[in-house]
Structure formats: C-alpha cells, structure tokens
Amino acid sequence: MSESQRQSPLDRVLSIEIARVTERAAVAAALWRGRGDEKAADQAAVDAMRRELNKMHIAGRIVIGEGERDMAPMLFIGEEVGTGQGPDVDIALDPLEGTTICAKNLPNALTVIAVAAKGSLLNAPDVYMEKIAIGPGYPPGVVSLRRSASENLTALAEAKGVPVSQVTACILDRPRHAPLIEEIRALGAAIRLIGDGDVAGVIHTTDPEETGIDVYMGIGGAPEGVLAAAALRCMGGQMEGRLQLNTNEKRARAEEMGVRDPYRIYTLDDLASGDVIFAATGVTDGNLLNGVRMYSNRIETHTLVMRSYSRTVRHIRARHYDREKFGL
C-alpha cells in the first residue's frame, strides 16, 4: 500500500455505502420515467439521496449540489450531511442527471455522486463551464482549451494514429454549439449529439471502442464538470474546464466561493484531486448503465462504482427483494 493510500481518510466501505445512495435515488426517479414531470422526478431523487446520505457515518459537506443555498431547499452547496461521525469529506452530486431524459424516458438518465477528502473537489458555482475531455492512453497535453476545436481534433487523430475522419466528438445539442459543430464537420470529423447528460458523455471517452466517442467538447454545467472530472480521475484521462463567468453577478458569486481568476483554465487535478470515490446508477437504459428494472417481487439496479487510488471500476448489478425499503 502506498503512502498516499495510508493517508487517505476514505474507507473502501464507503464505496458500497455511496452505491446504496445512488441506487435509492435511481429507484425513486424511475417511478417518474416517461411521466413528463421533470420537477417531480428530480425532487424524488433529491429526497431519496438526502435520506441515505444522512445515514452515512461521515462529516460531509456538499460542494456541488442542487444549487446555491438561496436556490435549492436541500442538497444545496454548503449543506452538511451525514451523522457527523466519520471522515470529513467533500461531496459532489447530481440526484438526477438528465431530468428531461427521465421525464421523456430517453436513454442515459443517471443518479451520480462523488465523495473525496475535504478540499479535494472544486467548489464551483452553478454556472456554465467550457470543457474538453479525453480518455486514458494519450500523451499529456494532447488537447487543450487554449487551442481551437480543429487543432484539438487534428492532434487527437495524430495521437490515435487515425485520420481525423475517424475521430468522433460528443457535444450537447444546444444552439450555442452551432459554430463548434460547423467547424468540426468542416474538418471532416464525426459528431455524436446528446440531448442531456454530459457526465455520461465525458465518461464515454474512456472507452471509445465500446462507445464510439473519442472526445467530449463544448459548454455544459460546471457542477457536471466537477462530477465528470471525479469519474475521469478514477478511470484515467485528461480534462480541462473554464467557467463561463460572463456577467458581474456570476463573477461576484464565483469570487464568494473562492474563484479569484474568472478566466482560469482548470486541469483535471484542479477539478478533482486526492482520493475520490465515484458512483452512478442508471435510471433509464443507456450506453453506460442499464436502467432500473421493476418486478412484482424485486427491483434490479445497475451501478458503476470507482475509486481513484485503487483504480478499480466495479459494476454492481443488484437485486433488491425488500421493495418496502424503496417505499413500494
């Protein structure tokens, strides 16, 4: 065991405990699949996740959550969770990544959480973040927000040993990305547009042979950026992020949270450092995880659990026979 592992305040037992948190939130959200009510689905996931977090023997503080204190009634940034007995940890979470996806019963809705040693996760405001991410196996600095999309894709293709036409970029399908999409298509690279769920989009870059995605690019939520970085820290890869602080109000909020340079480019280690445990449970079926299955006598969930120090990636396919624990 390395010196860094001996110094980690996280216990491997937490991997199972946070899996239980995402499982409960996923089942709660799954009850609202396809019902067209985004707020109800999200609230159900929030309630379930908070209940489970408060059972854990941790002194947890939410650094990435449902929003800042004046915008979210629970799981807000700065909220303390857990019993207060146990390690001091930072928590980043998204009780339902892809609220619209869940409401429409489309692929890739997830419940997501990352737990790390105190001070290890970027305390980011609830604003947009420009991101670029790739999976493991490339030399450092292959891609960067300091370069254009064309330069990044050309460099990535060279590092991969393929023509740029065989590189696929994952991008959120938003009007703001029209110039980016036009540039990439003019270069001859392919694009996978997604309606929501950019945490899953970043994770997909870690296994391009399976997912067909080589790089994630574009502007999405800053909270999702920190969660995606936590996942990449466990699986390997490169990522950069730059907060989009384009108003005085956003810059002021960011400064209150410790952001001194509004134009700073954050590396993967800036976004998530130290020992990180990451868990995600599928709500709807997707490329990454199966969605919740409900039967007359059981519930089945599919959860991905990862830890950065051990570099383990576990898939937990659980059968829950006590439906009453889920309120069913």
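A: Helix α5, residues 149-160, lies across β5 (128-134) and β8 (215-221). Its direction is about 145 degrees to that of β8. This is a predicted model. Helix α6 (residues 178-187) lies across β6, β7 and β8. The angle between α6 and β7 is about 150 degrees.

Now the sheet itself. Six strands form an open sheet with mixed pairing, in the order β7-β6-β8-β5-β9-β10. The edges are β7 (190-194) and β10 (266-267); each has a single partner strand, so one side of each is left without a neighbour in the sheet. In one of the pairings, Leu172 has Ile194 of β7 as its bridge partner.

Next, the packing. The largest nonpolar core has 47 residues. Val226, Met239, Leu243, Leu271 and Phe278 touch the most other members. Helix α9 (residues 222-235) gives the most to this core: nine residues. Take Leu243. Beyond its neighbours within four places in sequence, Leu243 is in contact with Pro125, Val127, Tyr128, Met129, Ala222, Val259, Pro262 and Tyr266. Another core, of 37 residues, lies apart from the largest one. Val27, Val46, Ala279 and Val305 are among its members.

Last, the rings. Tyr128 also has the charged end of Arg176 over its ring, 4.5 Å from the centre. Arg298 lies over the face of Tyr295, 4.0 Å from the ring centre. Aromatic pairs number zero in the structure.

Key: Residues are numbered from 1 along each chain as its sequence is written. This is a predicted model: local features need pLDDT of at least 70, side-chain atom pairs count only at pLDDT 80 or more; totals for chains, interfaces and linings use all residues. Side-chain values use heavy atoms; hydrogens and water are left out. Rings of Phe, Tyr and Trp (its six-membered ring) pair if their centres lie within 6.5 Å; planes under 30 degrees apart count as stacked, over 60 as edge-to-face and the rest as tilted. A charge sits over a ring if NZ of Lys or CZ of Arg is within 6 Å of the ring centre and within 35 degrees of the ring normal. Two strands pair if DSSP finds at least two bridges between them. Helices (H or I, at least four residues) and strands (E, at least two) are DSSP runs, numbered from the N terminus. Contact means heavy atoms within 4.5 Å. Axes are lines fitted to C-alpha atoms, for helices over the stretch in contact, and angles run from 0 to 180 degrees between N-to-C directions. A nonpolar core is a set of buried Ala, Val, Leu, Ile, Met, Phe, Trp, Tyr and Cys residues joined through side-chain atoms within 4.5 Å. Buried means under 20% relative accessible area, exposed over 50%, partly exposed in between (1.4 Å probe, protein chains only).
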